[in-house]
Amino acid sequence: MELLRAGRGDHALRTAALLRRSHPADKELQLAGLLQDIGRMLRPGDGARHAVLAAQALRPLLGERVARLVRLQAPAPAAGGAGLPGEDAEAVAALRQAREAAGASGPDAGVLEDWRGLLELVAAGSCRAGNATGPLGSPRGPVSGTR
């Protein structure tokens with residue numbers, strides 16, 4: 001949350017809000033919209049690899065699908081999105097469309113704190129699903145309330 005606050009991502013908030021409206025059941029897609037630019041905050045100036053860096057940081061925290069969507073939403077130099085798996089292709093297209101639409105000023109996207117509960121919910125599910133390492137690659141202990 002602190003990293004997201006530091007980034008002051010109104011564009012990311014608008015992207016996530018648009019995805020919340022268009023895909024209300026797909027929480028991971030919504031979070032991918034919120035977190036799409038986190039790689040730029042992790043390593044400013046490394047624009048060519050920001051999506052890969054974001055995916056690497058997010059995978060242990062929020063699971064494979066959020067990481068994959070964040071990685072794939074960046075425009076590919078040659079492929080342009082061709083060859084993506086079916087479900088991912090639709091989700092990535094929705095993510096890219098919401099990202100573009102968020103560039104125009106629109107309705108109030110809320111505040112970052114509105115997303116805390118969803119971040120915690122998906123992180124808890126990711127931990128239960130078997131992500132055994134923490135965000136820096138260190139082993140995770142049991143999540144409180146799961147044992």
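**View 1. Q30 and its neighbours.** Leaving aside residues up to four places away in sequence, Q30 touches A16, L19, R20, H23, P24, A25, W115 and L118, where a contact means heavy atoms within 4.5 Å. Q30 belongs to helix α3, residues 27–35; helices are DSSP runs of H or I with at least four residues, strands are E runs of at least two, and numbering starts at the N terminus. The side chain of Q30 reaches the backbone oxygen of H23 at 3.0 Å. With a relative accessible area of 0%, Q30 is buried; buried means under 20%, exposed over 50%, and partly exposed in between, using a 1.4 Å probe and protein chains only. This is a predicted model, in which local features need pLDDT of at least 70 and side-chain atom pairs count only at pLDDT 80 or more, while totals for chains, interfaces and linings use all residues. Residues are numbered from 1 along each chain as its sequence is written, and side-chain values use heavy atoms, with hydrogens and water left out.

View 2. Helix α2 covers residues 10–22, and its buried residues are A12, L13, T15, A16, A17 and L19. A109 sits in the loop between α7 (86–102) and α8 (116–128). A109 touches L13, R14 and A17, not counting residues up to four places away in sequence. From A109 to A12 the C-alpha distance is 9.2 Å, although the two are 97 residues apart in sequence. A109 counts as buried because its relative accessibility is 16%.

**View 3. The D37–R40 pair.** Here the side chains of D37 and R40 meet in a salt bridge at 2.6 Å, N to O; a salt bridge is a side-chain nitrogen of Lys or Arg within 4 Å of a carboxyl oxygen of Asp or Glu. D37 is buried at 17% relative accessible area, whereas R40 is partly exposed at 39%.

**View 4. Salt bridges around R68.** R68 meets E64 in a salt bridge at 3.7 Å, N to O. Both residues lie in helix α6 (residues 64–73), four residues apart, about one turn of the helix. R68 also forms a salt bridge with D88, with the closest N and O atoms 2.5 Å apart. Salt bridges that share partners join R59, E64, R68 and D88 into one network. D88 counts as buried at 6% relative accessibility, while R68 is partly exposed at 22%.

Definitions and conventions:
Polar contact = N/O pair within 3.5 Å; in protein donor to acceptor, adjacent residues only side chain to side chain. Expected span 1.5 Å × (residues − 1).
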